[in-house]
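Please look over the protein shown here. The report below starts with the whole chain and then turns to selected parts.

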Amino acid sequence: MDCSKFDRRFLSSPLISSLPPDTISIISGSAQVDNGLYLDTLSRIAIDPNFTSLILTCYEPIFTDLAARWRGFAMVEQLAAGFGRVLPVMSFLVDMAEEFLLHCGPGETASEFLTSMERLSNELDSEELSTVGHGEKSLDMLLSLHRLLCFRREAFLGLVNADVLFGFTNHKYLPVRYLSLRILSIYLKAADRAQEGMFLDFGVGSTAEEKVLGLWEGREVDYGFLMLLEGERLEKLSKDLETARLINAQQEMSTGHSRVINSSDLSPLTADMCGVLIPRLRGMMNYRMGSTQFSNNDFRTSFGIIKYR
């Protein structure tokens, strides 16, 4: 698969001005690097919330492999944020997201995500706690969890600890309180009227004029309009993907620099099925044992465990 046309579209975005020169050199081809480093570089850019949507629209045909590489370096809050952003338009990655986020390591009784949420909740008792800083970090985690649950409640219910969420309902940062209650409502399958009662009980939006101001996608918004904002975000992402697909279908192959990705360049967690990249979860067994010798030619035996829903 020649990725040069994807590179050209990405490099034409004004957003790349914030990237280090070395990173741009790797993508543009001015720095001669192997395909593994090239894909690793794109994967690290893709986990950045400022670039996730752009990378997805520019590199959709190889995004499965970029997401598969997140497991090798990303923190759990980054994983949750990344999958929370893209799953509504890349639903076939849900099994990969479940594996990355819900898996417990050897000797562990809870996933890393649950452990991180519990740690944030316990920090609320600290007198030296910075309410704003802690609130923004907690808000990011809660927003990711909310997105995952809105996408598929049953798949990610294991990321919810009701006791921890109840702890957040006393947070001084109003958006944290608001999102905690929304997530609890999803967890409890509460009706809208019951949810409104919870907001009233915990002092969130108790009047029609009260705003729940907090950061969302880098700008301050009223979280009372969260579902509307999320709907607009996904609608724009879907339209951008459709536009990119049309451009890919019409655009001629590059006559200059080319970047051809072969099956041997892919992550052990990705399989090439007739030019279409799909998750290969059986690769996780080899990945956990530190083996990278699982050939992509073996995808026929692992394909059967991928659960299409």
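## Overall build

The accessible surface of the protein comes to about 15400 Å². Carbon and sulfur atoms hold 52% of that area. The model is a predicted one.

The protein has 309 residues, and 48% of them are buried. It contains 16 helices and four strands. Take the contacts with a separation of 6 or more: 66% of them are between residues 24 or more positions apart.

## Helix α1 and its cover

Helix α1 spans residues 4-11. Six of its eight residues are buried, so the helix is largely enclosed by the rest of the structure. The buried residues are Ser-4, Lys-5, Phe-6, Asp-7, Arg-9 and Phe-10.

What covers these buried residues? The cover includes α2 (21-28), α3 (35-46), α4 (52-58) and α14 (226-250).

## The α1 and α2 contact

The axes of α1 and α2 come within 9 Å. They cross at roughly 145°. On the α1 side, the contact is made by Asp-7, Phe-10 and Leu-11. On the α2 side, Ile-24, Ile-27 and Ser-28 take part. By class, the contact has four nonpolar residues, one polar and one charged.

A general point on helix geometry applies here. An α-helix has 3.6 residues a turn, so residues three or four places apart point the same way.

Strand β3 covers residues 270-273, and strand β4 covers residues 276-279. The two run antiparallel and are joined by four bridges. Asp-272 stands opposite Leu-277 of β4.

Two residues lie between the strands of this hairpin. Cys-274 takes a positive phi there, near 55°. As for side chains in general, those of a regular strand alternate between the two faces of the sheet.

Where does Arg-280 sit? Its place is in the loop between β4 and α15 (283-288).

Is Arg-280 buried or exposed? Arg-280 counts as buried, because its relative accessibility is 1% and the cut-off for buried is under 20%.

Key
Residues numbered from 1 in each chain as written. Predicted model: local features only at pLDDT ≥ 70, side-chain atom pairs only at ≥ 80, totals over all residues. Heavy atoms only, no water. Buried < 20%, exposed > 50% of the residue type's maximum accessible area, 1.4 Å probe, protein only. Contact = heavy atoms within 4.5 Å. Areas by Shrake-Rupley, 256 points an atom, 1.4 Å probe, with all protein chains shown as cover. Pairing = 2+ DSSP bridges. Axes fitted to C-alpha atoms, helices over the stretch in contact; angles between N-to-C directions. Nonpolar A, V, L, I, M, F, W, Y, C, P; charged D, E, K, R; others polar.
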